[in-house]
Amino acid sequence: LEGHTDVVLSATWSPDGRMIASTSADMSLRLWDWTGTPLQILKGHTSGVRSAAWSPDGRTIVSTGEDGTLRLWAVRLDLVTPGTSNLPSTS
C-alpha cells in the first residue's frame, strides 16, 4: 500500500473483504480497494493513528490515535460497486 508518508501501523480487511483500512504515524487512516488502489484518506487525529476496526456492516470505522482519541468514520460505500470487487475509478 503506497501512499502513507510515514510508517504503517496497522491494516485490516473490511467485513466483506472488498476494502482495507490502514493506519499510519502520518496521522491518517486510508481506505483501499482489495487490489491496493486508494479510495479515501481520512484525517482528524492530531498524532499517529494506531489502529482501526470495522463495524459488522462495514459502514463505520473506529480509529484510535496516539492523541488519546477515538474517532468514528462513515465509509463511502458508493466508492465500491455492490456485489463485486470491481471499483469505479477515483480520478
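So, strands S6, residues 60–65, and S7, residues 70–74, pair antiparallel over five bridges. Before I go on, keep in mind that this is a predicted model. S6 and S7 make a hairpin with four residues between them, and in the turn glycine 68 has a positive phi, about 85°. Across that pairing, isoleucine 61 has tryptophan 73 in S7 as its bridge partner.

Both of those turn up again in the largest nonpolar core, which has 11 residues, including Ile61, Trp73, Trp54 and Val75. Strands S2 (19–24), S3 (28–33), S4 (38–43) and S5 (49–54) each put in at least two residues of that core.

What is it in contact with, leaving aside neighbours within four places in sequence? Among others, Met19, Ala21, Leu31, Ile61 and Val75, and also Thr12, Trp13, Ser14 and Pro15.

Now the charges. How many salt bridges does a search of the whole structure find? Two.

One joins the side chains of aspartate 16 and arginine 18, at 2.8 Å, N to O. Aspartate 16 is partly exposed at 43% relative accessible area, while arginine 18 comes in at 18% and counts as buried, because the cut-off for that is under 20%.

The other joins arginine 50 and glutamate 66, at 2.7 Å, N to O. Arginine 50 is in strand S5 and glutamate 66 is in the loop between S6 and S7, so this pair ties together parts 16 residues apart in sequence. Here arginine 50 is partly exposed, at 45%, and glutamate 66 is partly exposed too, at 40%.

Terms used:
Residues are numbered from 1 along each chain as its sequence is written. This is a predicted model: local features need pLDDT of at least 70, side-chain atom pairs count only at pLDDT 80 or more; totals for chains, interfaces and linings use all residues. Side-chain values use heavy atoms; hydrogens and water are left out. Two strands pair if DSSP finds at least two bridges between them. A nonpolar core is a set of buried Ala, Val, Leu, Ile, Met, Phe, Trp, Tyr and Cys residues joined through side-chain atoms within 4.5 Å. Buried means under 20% relative accessible area, exposed over 50%, partly exposed in between (1.4 Å probe, protein chains only). Contact means heavy atoms within 4.5 Å. A salt bridge is a side-chain nitrogen of Lys or Arg within 4 Å of a carboxyl oxygen of Asp or Glu.
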